[in-house]
Amino acid sequence: MVRLLRFLKGYEKESIIGPLFKLFEACLELSVPLIMASIIDDGIKNNDTAYIVRMGGLLILMGFLGLVCSVIAQYFAAKAAFGFGTALRRKVFETINGFTYTELDKIGTSTLVNRTITDITQVQSGVNFGLRLFLRSPFIILGSLILSFLLDVQLALIFVAITPLLAIVIWALMRFTMPIYKRAQGQLDKLALLTRESLLGVRVIRAFSRQEQEIKHFSSENSTLRQTQLKGGSISALMNPLTYVLVNIGILLLLQQGAFAVNFGRISQGDLVALVNYMNQILLALVALSNLIVTVGKSFAGAVRINEILDTAPSFSSGNKEAFPKAGVPSVEFRDVSFGYGGNEVLSHISFSVLPGETIGIIGGTGAGKSTLVNLIPRFYAPTKGTILFHGLSLEQWDFTNLRRRMGIVPQKAVLFEGTIASNLRWKAPNASDEQLWKALDIAQASDFVKKLEHHLESDVLKGGSNFSGGQRQRLSIARALSGPSDLLILDDSTSALDYATDAKLRQALQKEKQPLQTILLVSQRVACVRNANRILVLDDGKLVGFGTHKQLLEQCPVYREICLSQLSKEEVEQG
Amino acid sequence: MKRKETFLRLIQFLKPYWTILALSLVFAAGSVALTLYAPILVGDAIDMIVGPGQVSFSSISPLLIQLAIVVAATALLQWAMALCNNRLVCNISSQLRQQSFSHLHQLPVGSLDQLPTGDAISRITADIDQISDGLLLGFSQLFTGVATILTTLGFMLSLHKGIALVVVILTPLSFFVAGFIAKYSFRYFQQQAKVRGQMTTLVEELVGNQKVVQAFCYQKQAESRFEQLNRSMQQCGMKAVFFSSLTNPCTRFVNGVVYAAVGIVGAFVALSGGISVGGLSCFLSYANQYTKPFNEISGVVTELQNALASAARVFDLMDSPAQEPDSPKAMELKNPTGQVALEHVFFSYTPEKPLLQNLNLSVEPGQHIAIVGPTGCGKTTLINLLMRFYEPTSGSITLSGEDIRHFTRDSLRAGWGMVLQDTWLSSGTIHENIAYGVPNASREQVIEAAKAAFAHSFIMRLPQGYDTPIGENGATLSAGQRQLLCIARVMLQRPSMLILDEATSSIDTRTEWKVQQAFDALMEGRTSFVVAHRLSTIQNADMILVMKDGIILEKGNHQQLLEREGFYWRLYSSQFAHQE
């Protein structure tokens, strides 16, 4: 948390003025019982009406000054907190944008979203409350203690005894209830999980007539949660009565001892009233402090998670060169490349080269390393061993932006963004004309359904593309990659939701429209998708076990033959 | 109006607990009265401590003893009240959760298909939590608050009418001030909520799909779009927080004014002998007590409003109509022969979009039916109708000549074995999952089914074999392994009819081979409907239904359909279309 405070930079003035004015306000507040005491002792006892009016006016003036101080404090605290939050959000967002896939995989994108939104908001409100209240409550407690000492040292000892006791009771109750509430949260998550399961598995549950058991299961988890909540609730139910009793013990002692003090003339009647008031104020301040600790505690947890992001440095960085396609120079070349996530080797010793203009199929079972292989080419990941060259230039030297702009990439998961069809397609080429977009849609076999939409290219795309079917999303994400020129087109198993006929048409269109030097990499699990490629790379368990034409591989590569036979009949395998 | 109904309905849930509720109210009233009585005793005591030599020790002691008793009793009552409220709220929220969850299982599959999963979950968890928070605060603060205001007023009036009047007139001021600020800052809060919503969407999209952002070098645009929202967030967020944070200082100021006014007026009244100094001290603490509920009330009201909004969402879920129960005359389906017929079946999910149109089909026991066709042709709809997850709009489906609506749903579904494409497993052990349909199956039976489904060998390689817990929806297993478990689950059930939905994306070759063997073993001698993606399944089927746009376009076996050179032939040959 402390380390994050550097984001208050530029708001130093605000972060000092805020608490300072809070302090002023606390001073004013502390003086109220003293003024009241003098009204009682001097005004009422001496029958001095002018004095009473003067002091009453002073009370109101103090209240007003307190209001002004407090408004100033709140303003500067809010300004500093939001300046802090804004700077922090910007930094976190930029840091994430600088990550490579390695860091994204390690941290996980869904938690990155939570940290950017929820955690920063929590830290921000922690800073806001901290600036406003962190000094105030301790100051009121301390001030009340000091003033009680000034009024009477002996009676002040009662304060010295009661205040820590109050603090201990509040602390102990929080200490006991926190883990219980945490457990309750865990049990609530369990219920959410059961609900999710029931919703997703409704067909299976009903097919096996298991509704009763599912309800019983939920019921037992639900009653566990109820027990936990009851337990937590009965402990926190002690908070009010216990603190009430403690404060009133203090008041009882004050009255009892105060009676002697007044009798001996050590203090006045008004002083006693003031002391009783301070006792009540300490309780209020302590309760406020305990609420503050909860809020700040939450923001500390958030701060730890945010620091994790800020402390993560990209594991490799961009070069500054670029290169251009040339006939004869391999478009993509792997030289003894190995790659692993953590200690797990996913690709081992891969070497091959692809000439400009070739269409290459990449096939293999789940976990064979197909996606990993194509993800290495735009340098989303850096290989653990070996070198990859694009247009003859090692990827380490390539500038990331130039490298990726030269490629058209269709990721495995078809992701669309909120906006319109056109705004999505223009991700690849911000200045593409409408004709270019239609051309891309044509090739991707998407123009038919886009034409059926009311606003064509300007039709809305909802968040995540949820208003399109899986197959339509895939085709739009292919069109996006085709909307601008590229030297290398990578399709990572991106037609799985299309039926065979559409898939085939798409591949035909791709071949027809492709530039002579444009290289295409087609990743698929379907033999039918890759069998007509110029050459096919066969991966098995991270190793390159075959590279050649369909015919050659059928004869020479047992893994490829096995894959073919599992998907096609014998005659089909041998035909064309 | 709607809010009132929701409120009344929520009140209904209190009925079974009326004793606890009544106790809580009694305790609350008692603790309020005693809390307010304490300052009187303190004031009386102070009156006995006037100055040097003017202290009446003999009268102080009984007062202090009384005070001690009152304080102890107050604390006990407060505690008892909190316990009652806690029990009340825990019971109600637990009951709400249970009822809405049970209701989910009463809903027709069609309604559930339309219910967004996340939304339903948040209703059962977050919304009900909100209700219990609101109720707890409502019980513990609203009632005591009102009681405090009324009782304090009574006490103050009995002490001195004039000073009481000052308090009564001035206090609502803080209420108005708070209301004014709330109204003013509400605008900014709305703005802030809007910007936050936009920002969340943007971050979810751009950070959630960071890989795509990087693939298209979109970082700069992303950053500038983010910065724009970030700035407007700073603007309106700061204002919203600042203005709303004025509530406390302002009400504190108003309270300060009330306090000062009581002090001045009280002092004058004391001068004229209207009240004692102790009475004044008592008044001062009442002035504080009286204003407190006014300050808290806006918070409580907001919390209650949120709770009511949540309650409306929960009741909404509970009110969605349940499926029609089985008719009392419904029979148990026993040992179906496997003869299935569809007669003039029409079906549509929405009236505007007719899907299945006049479907006719007759299947003999033991026949294998493969269903093929492009996406959206109605393949899965057919499954929904056979399992009676949905009801046909018109026409009938019969088993051995008897309409399926004449059977109980449970027995009808027990007659079918079903393996779907998305392999759903429950979060139990391997054994529990295989025995899902036959919960009392012995380990031997489970192993036998697993062996028949070619799942035994991989299960034995798991750390705890059949007792390995499989995590949420089988997250620890591969897609192929999950599918094998689903097949084993049906193997154990031994139904006479099958519905199978083959997976489109293939798994690794060796598991794929096993899955295919398992499917074949399963289909042996059973009537089966297979939504087919594999050519081997299609070629071996007794009958292939080629569906397109909800009608059966072609019907026949592989050879017959190829010879016809129709849609099937085109579909079939498209896989081998040459790219030239």
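Trainee: How many residues of chain B are in contact with residues of chain A, and what makes two residues count as being in contact?

Mentor: In this predicted model, where local features need pLDDT of at least 70 and side-chain atom pairs count only at pLDDT 80 or more, totals for chains, interfaces and linings use all residues. Residues are numbered from 1 along each chain as its sequence is written, while chains are lettered from A and ligands numbered from 1 in the order in which they are written. Two residues are in contact if their C-beta atoms, placed from the backbone, lie within 7 Å, and by this rule 119 residues of chain B are in contact with 129 residues of chain A. Helix α3 of chain B gives the most to the side of chain B that touches chain A, with 22 residues; a helix here is a DSSP run of H or I with at least four residues, and a strand is a run of E with at least two, both numbered from the N terminus.

Trainee: Why is A:T401 called partly exposed?

Mentor: A residue is buried if 20 or more other C-beta atoms lie within 10 Å of its own, exposed if 12 or fewer, and partly exposed in between. A:T401 has 14 C-beta neighbours inside 10 Å, and therefore counts as partly exposed. A:T401 has its place in helix α12 (residues 400-405) of chain A.

Trainee: What makes a set of residues a nonpolar core, and which residues have the most contacts inside the largest one?

Mentor: A nonpolar core consists of buried Ala, Val, Leu, Ile, Met, Phe, Trp, Tyr and Cys residues joined through C-beta atoms within 7 Å. The largest has 199 residues, and those with the most contacts inside it are B:A45, B:F283, B:I371, B:I434, B:A453, B:I487 and B:A488. Helix α3 (residues 57-106) of chain B gives the most to this core, with 18 residues. Leaving aside residues up to four places away in sequence, B:I434 touches several residues, including B:V446, B:L485 and B:A488.

Trainee: Why are β2 and β5 of chain B called edge strands?

Mentor: In the open sheet of chain B, 4 strands stand in the order β2-β1-β4-β5. Both β2 (356-363) and β5 (402-403) pair on one side only.

Conventions
Pairing = 2+ DSSP bridges.
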